[in-house]
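Let us read a structure together, one feature at a time.

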Amino acid sequence: MRDEKLAAHLFRHQYGRMVSILTRIFGLAQLEMVEDAVQDTFAKALLSWRNKVPENPEAWLVAAAKNRAIDLLRKAKSDQFRIGKVPSGPATVLLNELFLENEVEDSQLRMVFTACHPALKPTEQIAFALKTISGFGIREIASALLLKEETVKKRLSRARKTIVQRSISFAIPNASELPARLDRVLEVLYLTFNEGFHSNNKAILIRRELCGEAIRLCRLLLTKESLRTGKVYALFAIMCFHAARLDSRVDGDGEIVDIKHQDRSKWYLPLINLGHSAMMKATTNGQYSAYHYEAAIAAEHLRAETFEATDWTQILHWYDQLLTLQDSAFTRLNKSVVLMQLGDFAQAKKILDDLVVGELAQRKYLYHSAYAEYYFLTGHPQAALKSINRCLELVNSEPEKRYFERKKTGYKSDR
Amino acid sequence: MKDFMMIFVGADYGTLGLSPDELQSRYGKWFAWTTKMQKNGVMKSGEALQPQVKRVVGPERTVTDGPFMESKELIGGFYIVQAKNAEDVVEIAQDYPDYDLGGTVEIREVMVFDR
């Protein structure tokens with residue numbers, strides 16, 4: 001394939017930008033029309049580029065979108081469809097301004113806040129954000145989120161309907177609403193990133209793109225002064241730290257490699273550095289959120305030159321801090337694993353025994369794998385096998401299943 | 001050498017709901033194919049067609065607006081290529097990118113009128 005002349009995902013990224021700009025002109029009520037128009041612009045670009053690629057494809061697309069907007073405005077004026085607020089006066093001047101870089105960012109941020117509006121359900125928020133901001137197609141969203149295409153379509157249409165019914169405004173929230181609304185945005189980005197990072201399935205590539213998108217959008221937040229809060233920086237740091245390890249998490253055969261066995265030389269230094277500088281900014285005002293502690297934990301792992309050199313005491317400290325802010329079964333489970341590394345088996349077991357397993361939902365298998373590890377390390381191989389079998393019954397993804405099968409083999413032979 | 005027209009039928013991007021990424025990968029394939037033809041000197045010209053159709057028919061020259069057919073029957077464009085015979089054009093058409101979207105290539109020799 002010879003399309004290296006085009007930047008990777010040029011269409012996809014331009015899609016999000018143009019949908020945002022046009023929505024700013026025509027309003028959220030016209031979102032469907034806007035998306036169709038952008039889609040159509042791209043299909044046309046494709047046809048006219050068959051024989052000759054323009055010198056600057058990006059500028060070509062922008063010009064095409066602009067022309068499209070002017071066409072649509074004319075059509076709107078001739079009253080073919082009703083729009084609440086069509087800009088009056090010299091529309092083209094306004095149009096040109098909207099295509100300036102900082103205005104584009106502003107429009108995209110408005111779309112981010114729309115996607116993460118509390119009136120939408122979390123599941124709808126992610127699908128909607130991937131579609132309208134990130135330019136994913138229905139098929140791509142379905143495979144990235146392990147959903148049926150029908151389900152994605154339903155979520156998208158519910159989201160659009162809610163936006164129209166509630167007349168959600170296409171705006172960055174005002175100062176009084178901002179903190180709560182921004183929290184919601186961060187949650188959605190965090191979930192999107194985790195979808196990409198923690199699940200393992202065949203469509204690994206598309207899942208990595210979820211991580212990439214989450215990082216890109218988090219970065220977009222940081223372009224705006226009023227959004228540069230400690231939490232945003234801390235979340236950005238978490239993503240950088242985790243993403244730095246993406247390549248080392250699977251081996252050449254697509255098998256999972258745990259942090260103990262990862263090739264640490266493969267960890268991607270520029271991202272680690274980016275994460276560290278984000279952390280510096282995140283901690284300037286001395287207010288720490290759960291994101292800060294998660295980033296601190298990730299950073300601590302990255303700091304160790306070998307697995308054996310990991311400072312588990314420091315990690316335990318961060319987990320305890322995290323638990324004071326956000327007490328969840330998953331965090332407790334992780335803490336018990338840290339305690340095992342420190343040799344505090346009694347405390348580790350107590351946490352596991354007291355865990356409200358239901359909270360772990362689909363990740364319940366991790367609870368059994370933690371027990372297996374506990375039994376194995378304390379010299380009860382039979383109990384370890386029993387627990388790992390329980391884990392294997394519950395685990396869904398094939399690579400993870402194989403990972404735990406290998407653990408099981410280890411428990412059998414390593415007595 | 002003779003001229004042939006390759007007519008592309010179906011695979012109308014406008015109605016297939018392709019995602020931006022999918023569109024971009026299509027573009028890459030078309031570009032590669034076209035470049036190959038240009039390099040081999042077989043490509044003479046070609047155009048893509050808008051999907052809107054107007055039809056003029058009958059002694060009354062009645063004008064009607066499409067669509068008249070399903071999008072899978074719609075002609076999306078054509079290329080004119082030079083080749084020895086139709087078999088060679090069939091060979092060229094192997095790289096047409098949109099078979100997987102239900103697209104078809106029709107090959108017709110351009111008639112030459114002797115003076």
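Q: Which residues have the most contacts inside the largest nonpolar core?
A: A nonpolar core is a set of buried Ala, Val, Leu, Ile, Met, Phe, Trp, Tyr and Cys residues joined through side-chain atoms within 4.5 Å. Buried means under 20% relative accessible area, exposed over 50%, partly exposed in between (1.4 Å probe, protein chains only). Here the largest core has 144 residues, and those with the most contacts inside it are A:Phe11, A:Ile25, A:Leu221, A:Phe241, B:Met6, B:Trp33 and B:Met37. Helix α11 (residues 230-244) of chain A gives the largest share of this core, 12 residues. Helices (H or I, at least four residues) and strands (E, at least two) are DSSP runs, numbered from the N terminus. A second, separate core has 12 residues, including A:Leu385 and A:Ile388.

Q: How far can I trust such details, and how do I read the labels?
A: This is a predicted model: local features need pLDDT of at least 70, side-chain atom pairs count only at pLDDT 80 or more, and totals for chains, interfaces and linings use all residues. Residues are numbered from 1 along each chain as its sequence is written, chains are lettered from A and ligands numbered from 1 in the order in which they are written, and side-chain values use heavy atoms, without hydrogens and water.

Q: What does B:Met37 touch?
A: Contact means heavy atoms within 4.5 Å. Leaving out residues up to four places away in sequence, B:Met37 touches B:Met6, B:Val42, B:Met43, B:Tyr79, B:Val81 and B:Ile92.

Q: Which domains does the assignment give chain A?
A: Domain bounds come from an automatic or database domain assignment. For chain A they are domain 1 (1-99), domain 2 (104-210), domain 3 (229-326) and domain 4 (348-415).

Q: How much area is buried between domain 1 and domain 2 of chain A?
A: Buried area is the accessible area (1.4 Å probe) that two parts lose on being put together, summed over both. Between these domains it is about 1,600 Å², with 61% from carbon and sulfur atoms. On the domain 1 side, A:Arg12, A:Arg24 and A:Leu28 lose the most, together 39% of what that side buries.

Q: How many salt bridges are there between these two domains?
A: A salt bridge is a side-chain nitrogen of Lys or Arg within 4 Å of a carboxyl oxygen of Asp or Glu. The count between domain 1 and domain 2 of chain A is 4. A:Asp106 forms a salt bridge with A:Arg24, their closest N and O atoms 3.6 Å apart.

Q: How many residues are in contact between chain B and chain A?
A: 29 residues of chain B are in contact with 28 of chain A. The area buried between these chains is about 2,400 Å².
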